[in-house]
Amino acid sequence: MEGILMKIYESYTGEDREKLLRAYDFAKNAHKNQKRASGEPYFIHPCAVAEILVELGLNAETIAAALLHDVIEDTSATAEDIRSAFGEEVLTLVEGVTKLDKIVFKSQEEEEAENFRKIFIAMAKDIRVIIIKLADRLHNMRSLNYLSQERQQKMARETLDIYAPIAGRLGISQVKCELEDLCLKYLDPAAFEFLVENIHQKLEERHRFVDFVVEEIKGILAESKIKGEVFGRPKHFYSIYKKMKEKHKAIEQIYDLTAVRVIVGSVDECYEVFGKIHKKWKPVPMRIKDYIATPKPNLYQSLHTTVVTNFGQPFEIQIRTEEMHRTAEYGIAAHWKYKEQRDTETTLDQRIAWIREVMEIQGGLKDSKEFMDTVKGELYSTELLVFTPQSKVISLPAGATPVDFAYAIHSQVGNKCTGAKVNGKIVPLNSQLELGDVVEIITSPNSKGPSRDWLKFIKSSSARAKIKSFYRKEMKEDNIRMGRSMLEEAVKRKGYTLQQLLTAGSFKIISEKLSFDTQDEMFSALGYGAINVNQVLFKLIDFYRKEVPQAVTVQPFKQHAKGAVTIKGMSGLLVSFAGCCSPVPGDDIVGFVTRGRGIVVHRKDCPNLKSAEEGRLQPAEWVGDGSSARFKAAIVVTADDQGAALSAISGSVAEMKLAITSINGRYDKNESAIVDVTVTLSNRQDVDVLIQKIKSHAKILDVHRTSN
């Protein structure tokens, strides 16, 4: 705790120092009776978070918010207390971090997804919120050994999936690397210990080699009269672990355990040193990367090359300017750390433009899970750098197509895309782009929008989200009509009307379960496929049965013991089953009101009902699964010859241990063999399985269930 006080006195003066000392005292008093899992005072945690942020160079308001980031959530202090003591800016940062953790969820997956969305909402409002959250997570990971193994692995997995990639995208490499190493320690402790032991074994030998390379490069700088700094940097454990896993290499085959960095004064000097290093040592093909001309999405810039010494040992060299080095180490935090060379607001906007684009996408996504999948796709995708005709660099995931490129330019370019040229030649829209391609998108103002088929081949998560968003927003009316029609058809097949089932009460249940504000939203979601009909249909039917108890369950005659049926609005009538179509449990059925014989239950597709008076048909449903009953099903098999049909039928029936009640054969006018077979089964699923088994035999042309 004294450490943060020393850093406050070293790094801040005047009003800033006074504000931070007040924040220190406020947080210390608020947390005074609280302990961490380790048994230490809880106040150690906010102090450690603040120290991390001081090292990153954040301003006084951010450090104050770090000291106070848990007081609203974990103590009796209120938001108004923070506002009156430290101002609106500090309160906004504290609330931004607090809100990320103050949600109750039905499942762990939902919690992770919603937390992910909250992070990005907070980032879009003030990027410092996520920087505080990263420091908070880093200290929690440093002290993870006091928690249970289950909690250790849960937190490590979440950190590796969410926080480390965000730190990487913000360019804060020192935080990203430490988070990844700590995650590896808990997710694969055996591999972590192996790396620690084996890398340290040859540490002295590797240092001698790196020292030799450093001195050689310093000689190159001296000869060229270039002022610069040269030093070795060991690769962090997780990057070595990934390389071993992905490339299936043993640690002895990983040569670049240490990279050599060269820091010079200008871009011209970077390229001059780059060329002279290649003149001295032979570069390894496909290991030369120019991130100065084509920066990474987080604005990282550097020249990378792997060369081979005269001893035959390869090693990696990174060449950059001092400003590039600051960006590489501190990323977005460099905006605050280096005040004398602070980025302009325009440059800061460029750094966080991807966050704003993500927030534009999120409004068109149906839930937090889809949002999380979309963003993860963007965070983790392998980079493919291609160019516009104006030489602007566009970064896409590996395997991307012209459609991905179009949506990376702008949503409207993607929506109006009708064709593409790659390197001056017309190509199909599903063509895979390659590194360095020059891509030109052909658009038309008459385009009606993206094709749904594009979703089958695009690689970019943001393009996928934008296409789905188009269909949700631009075609909302069509989706509403389609969704309503789909639900009406499904309801009708179950023997109801939409007016019967969709009431204010039943929709309230739907809205609570599926988060719809209006019926049109629900119809639209059905129309564009965000939810399926059964998700709505069964909830409506359940509500109807509970709230409108008008259906009566009637037992059939014993000789038709196939399970009970429910005839809506009818009671006291005898029920029998039609011999013409032999309905069985699982079939869609309907009750036909006869004159003098009660109700006869038919399959809905029974041909004999085509001319029936609609008023005499009553909705009917099975009750239970009829698993204890036996029933007969009539099947017609068409084959090249009777022998093949009989063999397929008898083999399939025997395999399923069923019984054949009757079998008759004939030939049709095309000389195809037709075999009518009646089989005794115990459930509807057996019918479908039997049909599929017979169909799988050679020379079988068709198999279907029929009515007598």
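A residue is called buried under 20% relative accessible area, exposed over 50%, and partly exposed in between (1.4 Å probe, protein chains only). The structure described here is a predicted model, in which local features need pLDDT of at least 70 and side-chain atom pairs count only at pLDDT 80 or more, while totals for chains, interfaces and linings use all residues. Residues are numbered from 1 along each chain as its sequence is written, and side-chain values use heavy atoms, with hydrogens and water left out. The structure holds 23 salt bridges, each a side-chain nitrogen of Lys or Arg within 4 Å of a carboxyl oxygen of Asp or Glu.

**Salt bridges within helices**

Helices (H or I, at least four residues) are DSSP runs, numbered from the N terminus.

- Asp478 pairs with Arg481 in a salt bridge whose closest N and O atoms are 2.3 Å apart.
- Both residues belong to helix α24 (residues 476-493), where 3 residues, about one turn of the helix, separate Asp478 from Arg481.
- Asp478 is partly exposed at 36% relative accessible area, whereas Arg481 is exposed at 53%.

- Glu88 is partly exposed, with a relative accessible area of 44%, and Arg83 is partly exposed at 32%.

**The pair in helix α15**

- Glu272 and Lys276 form a salt bridge, with their closest N and O atoms 3.3 Å apart.
- The two lie 4 residues apart in helix α15 (residues 267-280), about one turn of the helix.
- Glu272 is partly exposed at 33% relative accessible area, and Lys276 also counts as partly exposed at 33%.
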